[in-house]
Amino acid sequence: MSASTRPEDWTRGVEVIRYQACGACGRVQYFRRNFCAACGATELAEKSASGEGTVYATSLVARAATPETRAHLPYNIVLVDTVEGFRMMAHGDLELAIGDPVSARFVPFAGRLVPYFERANFEKAES
């Protein structure tokens with residue numbers, strides 16, 4: 001799939017997280033490739049993630065890598081195990097801890113749209 005025909009996602013300014021599922025072995029992968037990283041097959045389906053998952057790790061960034069990121073200090077980088085079965089790195093609330101259930105929204109960061117995870121509220125709404 002060429003860059004011009006691939007589905008839109010957050011890396012191209014659209015509020016969606018995309019991943020691939022292998023038609024041969026069923027494995028999922030987050031970074032887009034032309035083949036399955038598990039079995040090498042080329043039958044890959046593009047899917048949209050729900051944005052739900054669990055925090056695997058967090059890292060508080062207190063020193064800006066670029067002038068554009070200085071305005072965002074401090075910020076939290078999180079690794080999230082998604083319900084779809086892949087792990088991704090993204091931004092998240094400062095108070096997130098390992099094991100927290102999270103859901104994604106999208107926010108501007110240093111001039112780009114990025115996924116941002118916050119603690120999920122799974123309490124049922126009262127009727």
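**Entry 1: the core**

Before I start, one term: a nonpolar core is a set of buried Ala, Val, Leu, Ile, Met, Phe, Trp, Tyr and Cys residues joined through side-chain atoms within 4.5 Å. I also note that I am reading a predicted model.

With that in hand, I looked up the largest nonpolar core and found 23 residues in it. Ile17, Phe86, Met88 and Phe117 are the residues with the most contacts inside this core. I then checked which strands contribute. Strand 4, strand 5 (75-82), strand 6 (87-92), strand 7 and strand 8 each supply at least two residues.

Leaving aside residues up to four places away in sequence, Met88 touches Ile17, Tyr30, Val78, Leu79, Val80, Thr82, Pro115 and Phe117. Two names on that list, Ile17 and Phe117, I had already met among the residues with the most contacts inside the core.

**Entry 2: the barrel**

In what order do the five strands close into a barrel? I read the order as 4-5-6-8-7, with mixed pairing. Neighbouring strands of this sheet are turned by 45° against each other on average, with direction ignored.

Next I followed two of the pairings. Strand 4 (residues 52-61) and strand 7 run antiparallel and are joined by three bridges.

Val107 has Val114 as its bridge partner in strand 8. These two strands form a hairpin with two residues between them. In the turn I found Ala110, which has a positive phi of about 50°.

A reminder to myself for looking along any strand: in a regular strand the side chains alternate between the two faces of the sheet.

**Entry 3: His91**

I went to His91, which lies in strand 6. Is His91 buried or exposed? Its relative accessible area is 12%, and the cut-off for buried is under 20%, so His91 counts as buried.

Not counting residues up to four places away in sequence, His91 touches Tyr75, Asn76, Ile77, Val78, Phe109, Val114, Pro115, Tyr116 and Phe117. I also looked up His91 and Ser59: they are 32 residues apart in sequence, and their C-alpha atoms are 9.6 Å apart in space.

**Entry 4: Thr69**

Thr69 sits in helix 1 (residues 67-70). With a relative accessible area of 8%, Thr69 is buried.

What does the side chain of Thr69 reach at 3.0 Å? I found the backbone oxygen of Thr66 there. A polar atom of the Thr69 side chain also lies 3.4 Å from the backbone nitrogen of Ala65.

Leaving out residues up to four places away in sequence, Thr69 touches Ala64, Tyr75, Phe109 and Ala110.

**Entry 5: salt bridges**

Side chains of opposite charge can pair when their charged atoms come close. How many salt bridges are there? The count comes to six, and I wrote up some of them.

Arg32 forms a salt bridge with Glu46, and their closest N and O atoms are 3.2 Å apart. This pair links distant parts of the chain: Arg32 is in the loop between strand 2 (28-29) and strand 3 (44-48), Glu46 is in strand 3, and they are 14 residues apart. Arg32 is partly exposed at 29% relative accessibility, and Glu46 is partly exposed at 23%.

Arg105 and Glu118 meet in a salt bridge at 3.0 Å, N to O. This pair also links distant parts of the chain, with Arg105 in strand 7 (residues 101-109) and Glu118 in strand 8 (residues 112-119), 13 residues apart. Arg105 counts as partly exposed at 37%, and so does Glu118 at 25%. I also found a network, in which salt bridges that share partners join Asp9, Arg32 and Glu46.

My last pair is Arg87 and Asp81, whose side chains meet in a salt bridge at 2.6 Å, N to O. Arg87 is partly exposed, with a relative accessible area of 41%, and Asp81 is partly exposed with 28%.

Notes: Residues are numbered from 1 along each chain as its sequence is written. This is a predicted model: local features need pLDDT of at least 70, side-chain atom pairs count only at pLDDT 80 or more; totals for chains, interfaces and linings use all residues. Side-chain values use heavy atoms; hydrogens and water are left out. Helices (H or I, at least four residues) and strands (E, at least two) are DSSP runs, numbered from the N terminus. Buried means under 20% relative accessible area, exposed over 50%, partly exposed in between (1.4 Å probe, protein chains only). A polar contact is a pair of N or O atoms within 3.5 Å; within protein, one must be able to donate a hydrogen and the other to accept it, and residues adjacent in sequence count only if both atoms are side-chain atoms. Contact means heavy atoms within 4.5 Å. A salt bridge is a side-chain nitrogen of Lys or Arg within 4 Å of a carboxyl oxygen of Asp or Glu. Two strands pair if DSSP finds at least two bridges between them. Axes are lines fitted to C-alpha atoms, for helices over the stretch in contact, and angles run from 0 to 180 degrees between N-to-C directions.
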